[in-house]
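Let's walk through this structure together, one part at a time. Please keep the viewer open as you read.

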Amino acid sequence: MIERVAPGQGPTGRKWPLPDEAATAGLAVQLAQALDGGLVIYLHGPLGAGKTSFARALLTRLGVGERVKSPTYSLVEGYDAEGQPAWHLDLYRIADPAELEWLGLDALADPAALVLVEWPERGAGALPAADVALHLDYAGQGRHASLQALSARGQRLLARLV
Ligand SMILES: Nc1ncnc2c1ncn2[C@@H]1O[C@H](COP(=O)(O)OP(=O)(O)O)[C@@H](O)[C@H]1O
Ligand SMILES: [Mg+2]
């Protein structure tokens, strides 16, 4: 009999309770420590779930000295994370993925790049495929996170998470 693994559990997924913002930042730091080269992270969840908080904590941990801005209006912000190119996108205001063409997102396809995307479903077809998807959602006063690996690179990252 084939053993089934429920989504979000087992070797391809993990879940965390995040009772406060420090816990969200803590998860971002854990992920930063497990990074080993490029990675594409899709950040899912409703407004206020903590996607930007997570991205900011992750980039800060990677030594992005300049204060991490929210790309709500610019759509994309680029950083040098200790020599590694890092991109943070927020596609909330995108109505059609074709609107992304003028941004010239070719740099996102660099396999060495760290790419963090809020509202990735709004950029469908114009983004590199996700290695991991982080779903954040409300849970009482706090939040809840589930992380799924969607590629071999993502699975290796999950395996390295302590
Ligand atoms: N685990 C958590 N529990 C409670 N509040 C949180 C948690 N993580 C983040 N927050 C707070 O929730 C808000 C999240 O905002 P933001 O990161 O901009 O969300 P998003 O980018 O998903 O719209 C911030 O006010 C932040 O302080
Ligand atoms: Mg945001």
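This is a predicted model: local features need pLDDT of at least 70, side-chain atom pairs count only at pLDDT 80 or more; totals for chains, interfaces and linings use all residues.

Residues are numbered from 1 along each chain as its sequence is written, and chains are lettered from A and ligands numbered from 1 in the order in which they are written.

Let's begin with the sheet. Helices (H or I, at least four residues) and strands (E, at least two) are DSSP runs, numbered from the N terminus, and two strands pair if DSSP finds at least two bridges between them. Here, seven strands make an open sheet with mixed pairing, in the order β1-β7-β6-β2-β5-β4-β3. The edges belong to β1 and β3 (76-81); each has a single partner strand, so one side of each lacks a neighbour in the sheet. From one strand to the next, the twist averages 15°. Angles like those quoted here run from 0 to 180 degrees between N-to-C directions, with axes as lines fitted to C-alpha atoms, for helices over the stretch in contact.

Strand β1 (residues 13-18) runs antiparallel to β7 (residues 142-149), joined by six bridges, and R14 faces L147 in β7. On to β6 (residues 132-139), which pairs with β7 over eight bridges, again in the antiparallel sense. A139 is opposite G142 in β7. The hairpin of these two strands, β6 and β7, has two residues between the strands, and G140 has a positive phi near 60° there.

β4 (residues 84-90) and β5 (residues 114-118) run parallel and are joined by five bridges; A86 has L114 as its bridge partner in β5. β3 and β4 are antiparallel, with six bridges, and V76 stands opposite L89 in β4.

What about the interior? Residues are in contact if their C-beta atoms, placed from the backbone, lie within 7 Å. Beyond its neighbours within four places in sequence, I41 contacts V115, L116, A130, D131, V132 and L134.

Next comes G45, in the loop between β2 and α2. Is G45 buried or exposed? Buried means 20 or more other C-beta atoms within 10 Å, exposed 12 or fewer, and partly exposed in between; G45 counts as buried because it has 20 such neighbours inside 10 Å. Setting aside residues up to four places away in sequence, G45 touches K51, H135, L136 and D137.

Finally, visit ligand 1. It is surrounded by 16 residues, the closest being L18, G50, K51, T52 and S53; a residue is near a molecule if its C-beta atom, placed from the backbone, lies within 6 Å of it. α1 (21-34), α2 (51-61) and β7 each supply at least two residues of this shell.

Technical notes
Two residues are in contact if their C-beta atoms, placed from the backbone, lie within 7 Å.
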